[in-house]
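Biologist: I am new to this structure and would be grateful for a close look at its salt bridges. Please begin with one pair, and then lead from there to the parts that surround such contacts.

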Amino acid sequence: MVSGAIVFSYLYVTTEIPQPEKIAMAEKTTVYYADGTTAIGTFGEQNRQIISCSTLPSYVGQAVVASENRSFYTDNGIDLKGIARAALNNITTGSRQGGSTITQQYAERYYLGETTSYTGKLREAVLALKIARTQDKSTVLCNYLNTIYFGRGAYGIQAASQAYFGKDAKDLTLAQAALLAGIIPAPSSWDPAVNAKQAKARQTRVLGIMVEDGYITATQRKSATMPTTIATRQSNEYSGPNGYLLQMVRDELTSSKDFTKDELDTGGYRIITSIDKTKQDLMFQTASPSKGGKGIVPDGVQVGGISVNPTNGAIIAVYAGDDYLTKPLNNATQALYEPGSTMKPFALLGAVQDGVSLSTAFNGNSPRTYTGISDPVGNYGNVSYGTIDLYHATAYSVNTVYMELQQKLGASAVAKLAVDAGMSSSRITGKNPFTVLGNDGVHLTDIARAYSTIANQGQRSTLHIVDTVKDGTGKTTLYRGPTSTTRVFDSPSTALVTKAMRSVVTYGLGTEVQNVGKTVAGKSGTANDGTSGSFAGFTPDMVTVFAMWNPDSSGNPQIVPAFGRYTAASEYPIHLFTEYMKQALEDTPDKAFPTVTDSGTIGGRDGTWGTGYRLSTTPSSGPTSSSQPTASPTQGQSSSPTPSSGQTASTPENSGTDKEPATDGDSGSGDDARGTKSNSRKTTNGKSTESESSGDGSAKSGSE
């Protein structure tokens, strides 16, 4: 007891009461790249101006007292039991409970970032006690008014008045003062621009207390209607591409419920992200239409890109746009595009799970008709592939084969597999009859997470950009990003799907990706009517997705025009993937995918999949195209399926790595499209329209 009294007395004597301009100056939260030393930016721009409170109308201070500490003028300014209770709560639960009186809040702001420890709370108590005993109430209240955070980056009543009403604090009306006072506990969440209903309720509460405590009359309360606030001005910290990263960090941490917006703005934390600066810079230089795409990408065409670590879900790099302030919609996490044939691997996974050998022969001709779909479905350019196995059907993205897989599995089953892999159940529902052909709008992050599950041998991770959050000293870790995984598929099944996806790169439509110089699997995709194109690919340690789409001035999807040597919508994303991954993986050793044996049965367990037979010959290297496709699947076909029992497969178990020439005669970085009439919900860049594709099976949209 004696030693404790001595310590307290020593702290009391040596503790200096800070001037208002010293309060919260070290409270900026800084966000860092994965190296923990290079800053991306900060939260909580210090917008403050210390003023003399003698210029303020009396109701400004009274409104704050009514809102925060009704007994301010009569209490001793400190609640030691409350401080002890808050300290215990902070330490045992990890939350950040503050003081209850204005004096305590003022003291807490000076030591914010340290008050989760017993030492920090003791310092806060000593400072609060000294303030209460040495300063009069008007001084304490004025200092509080000059330092408290009001949201919108505004510290102090003067900055708040400018931020919310565009005027000096001395000119605030009673209604405006009551609004500002009311939102102090959670200004970012209760900002009228965010939650007008809650802001009004808080203002009404303050005015009611002011009447009860005799500060204003009932008549004054009645006339103090809800004021209009000005538009929020975004901090310049968010300018350029880093603004997207800062907003992603903020969204992730507030969504976790571990931090509030105000805590991030004022907490003085050190946030370490998973973003690799070298790869982030590389992705920006590669994907940005103002950098690597300058003079190549047509004006208005949008590009998005993301790289993640499939083993733990950490986001490595992201291209979301050039400037957050100019266009805050994030092209990787918010913009919607149709993934096209990048949805096909989930149907392939379903077939594998049902025991179907990937050497089973299917009818790859075009067009073909399907139960429940009135119009025929065609391949890109109405190309017919004759009898083809699932390796080649994946390599060339043969729509008619994959529609047959969906007929066997059911669209809802294909959707469930995609959702289990990590896609959004609200976007991929299985209600779309062309689910397997990717007619539903998705985010790049949907595809990145789902492909990560395949790359990670059936284990699903949670995408995240925050690695850790530390206190201001950097010594205490307050938060860690989610790195655990959940097994959703067996590893042999995903390994077999990966093997088939290797064929896209080794001899299919993505042969340009061979220039990466590493073992890569992937899949290209194009929207139903050519309004978007994408490529998603991976190594065992990195998944990367690039997409492009073409919204008009209202955000409605338009056909991606041909430009340069890129005639189909997925060709440029294939090129972006190749250029980025070639450099991103340059200094890393090549890593093979798991070896797998196809233990499935030709024709599936019941013998009803495909033709029920193994291929007798290698698929034709010259598929034919019908210039006038019809509803009859036999017209204009290069060949008909030829059942041949007991013959060896034309596609050996290592076919995923065999290099064969592209059968469509192009360079290997073209598109394979879906054909035919469907009512597809086009969702791009935050807008939605209904569009209809070609009903004649000609796939004239150039989609895959």
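Modeller: In this predicted model, the side chains of Asp171 and Lys170 meet in a salt bridge, with 3.4 Å from N to O. Neither residue falls into the buried class: Asp171 is partly exposed at 40% relative accessibility, and Lys170 is partly exposed at 43%. By the rule applied here, the count of salt bridges in the structure comes to 14.

A second pair belongs to a helix. Asp420 forms a salt bridge with Lys416, and the closest N and O atoms of the two are 2.8 Å apart. Both residues belong to helix 18, which covers residues 411–421, and they are four residues apart, so about one helical turn separates them. Asp420 has a relative accessible area of 23% and is partly exposed. Lys416, by contrast, reaches 52% relative accessibility and therefore counts as exposed, the limit being over 50%.

A third pair reaches across the sequence. The side chains of Arg565 and Glu512 form a salt bridge, at 3.7 Å from N to O. This pair links distant parts of the chain, 53 residues apart: Arg565 sits in the loop between strand 20 (557–558) and helix 21 (571–584), and Glu512 in the loop between helix 20 (491–506) and strand 17. With a relative accessible area of 12%, Glu512 is buried. Salt bridges may also join into a network, as they do for Arg70, Glu212 and Asp213.

Strand 17 comprises residues 521–526, and six of its six residues are buried, so the strand is largely enclosed by the rest of the structure. Ala521, Lys523 and Gly525 point one way from the strand, while Gly522, Ser524 and Thr526 point the other way; all of these residues are buried. Strand 17 runs antiparallel to strand 18 (residues 532–538), and six bridges join the two. Within this pairing, Lys523 has Ala536 of strand 18 as its bridge partner. The two strands form a hairpin with five residues between them, and in that hairpin Gly530 takes a positive phi near 75°.

Strands of a sheet pair through backbone hydrogen bonds, in either a parallel or an antiparallel sense. The open sheet consists of five strands in the order 2-1-5-14-15, and its pairing is mixed. Strand 2 (39–43) and strand 15 (477–480) are its edge strands, each pairing on one side only. On average, neighbouring strands of the sheet are turned by 20° against each other, with direction ignored. Helix 12 (residues 242–255) packs on this sheet, where it touches strand 1 (29–32), strand 2, strand 5 (270–273), strand 14 and strand 15; the direction of helix 12 makes about 60° with that of strand 2.

Strand 1 and strand 5 run parallel and are joined by three bridges, and Tyr32 stands opposite Ile272 in strand 5. Strand 5 and strand 14 run antiparallel, joined by four bridges, with Ile271 opposite Val469 in strand 14. Strand 14 (residues 466–470) and strand 15 also pair in the antiparallel sense, over three bridges, and Lys470 has Thr477 of strand 15 as its bridge partner.

Leaving aside residues up to four places away in sequence, Asn456 touches Pro310, Thr311 and Thr485.

The structure holds one disulfide. Cys53 and Cys142 form this disulfide, with their sulfur atoms 2.0 Å apart. The torsion about their S-S bond is about 90°, so the disulfide is right-handed. Cys53 lies in the loop between strand 3 (47–48) and helix 2 (58–68), whereas Cys142 lies in helix 6 (residues 137–147), so the pair ties together parts that are 89 residues apart in sequence. Both cysteines, Cys53 and Cys142, are buried.

How values were computed: Residues numbered from 1 in each chain as written. Predicted model: local features only at pLDDT ≥ 70, side-chain atom pairs only at ≥ 80, totals over all residues. Heavy atoms only, no water. Buried < 20%, exposed > 50% of the residue type's maximum accessible area, 1.4 Å probe, protein only. Pairing = 2+ DSSP bridges. Disulfide = S-S within 2.5 Å. Contact = heavy atoms within 4.5 Å. Axes fitted to C-alpha atoms, helices over the stretch in contact; angles between N-to-C directions. Salt bridge = Lys/Arg side-chain N within 4 Å of Asp/Glu carboxyl O.
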